[in-house]
Amino acid sequence: MLRKFKISIDGKEYLVEMEEVGGTPQAAPIQPPVQPVVETPAPQTATPAAAETPASQAAPIAAGADAMPSPMPGTILKILVNVGDTVEENQPLMILEAMKMENEIVAGKAGTVAGIHVTQGEMVNPGDPLITIHS
């Protein structure tokens, strides 16, 4: 069955016909609420190697339940912020390449970057924790 859609791009309208391919859409299953995990910070000991490593290249830290999840599978091309940076809502945080397209991952809220859970070049799956922002 062909369906017609009118799409407007940059003020120019296009008429598009699309064929509906079998199957019925299904709603995503409802996930039970996740209980937040309260972590107690471990005592920090300074090592010369850790002191010289920039925050943007530091190893990923463990993610809590409040970490932003990856919306799709892909590869992290670039991380645009560092731990401790203050970010605004909708500010680009990282670039995720998926299906040969670059997608900006933006901040869902304003706050401070508390943790980055991925590294540049890392492959992620949907739902994998990317970054944590605390208000």
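**Fold, core and backbone of the predicted chain**

Residues 24 or more positions apart account for 53% of those contacts in the protein chain that have a separation of 6 or more, a contact being heavy atoms within 4.5 Å. The model is predicted, and local features need pLDDT of at least 70, side-chain atom pairs count only at pLDDT 80 or more, and totals for chains, interfaces and linings use all residues. Residues are numbered from 1 along each chain as its sequence is written, and side-chain values use heavy atoms, with hydrogens and water left out.

The protein chain has one helix and 10 strands, where helices (H or I, at least four residues) and strands (E, at least two) are DSSP runs numbered from the N terminus. Along the sequence, the pattern is β-β-α-β-β-β-β-β-β-β-β. Of the 135 residues, 20% count as buried; buried means under 20% relative accessible area, exposed over 50% and partly exposed in between (1.4 Å probe, protein chains only).

The largest nonpolar core has 17 residues, of which Ile76, Leu93, Val118, Leu130 and Ile131 touch the most other members. Such a core is a set of buried Ala, Val, Leu, Ile, Met, Phe, Trp, Tyr and Cys residues joined through side-chain atoms within 4.5 Å. Strands E4 (74-79), E6 (92-98), E8 (111-116) and E10 (129-134) each give two or more residues to this core. Beyond its neighbours within four places in sequence, Leu93 is in contact with residues including Met68, Ile79, Val106 and Ile133.

Most residues other than glycine have a negative phi. Asn90, in the loop between strand E5 (86-87) and E6, has a positive phi near 70° and is exposed, with a relative accessible area of 54%.
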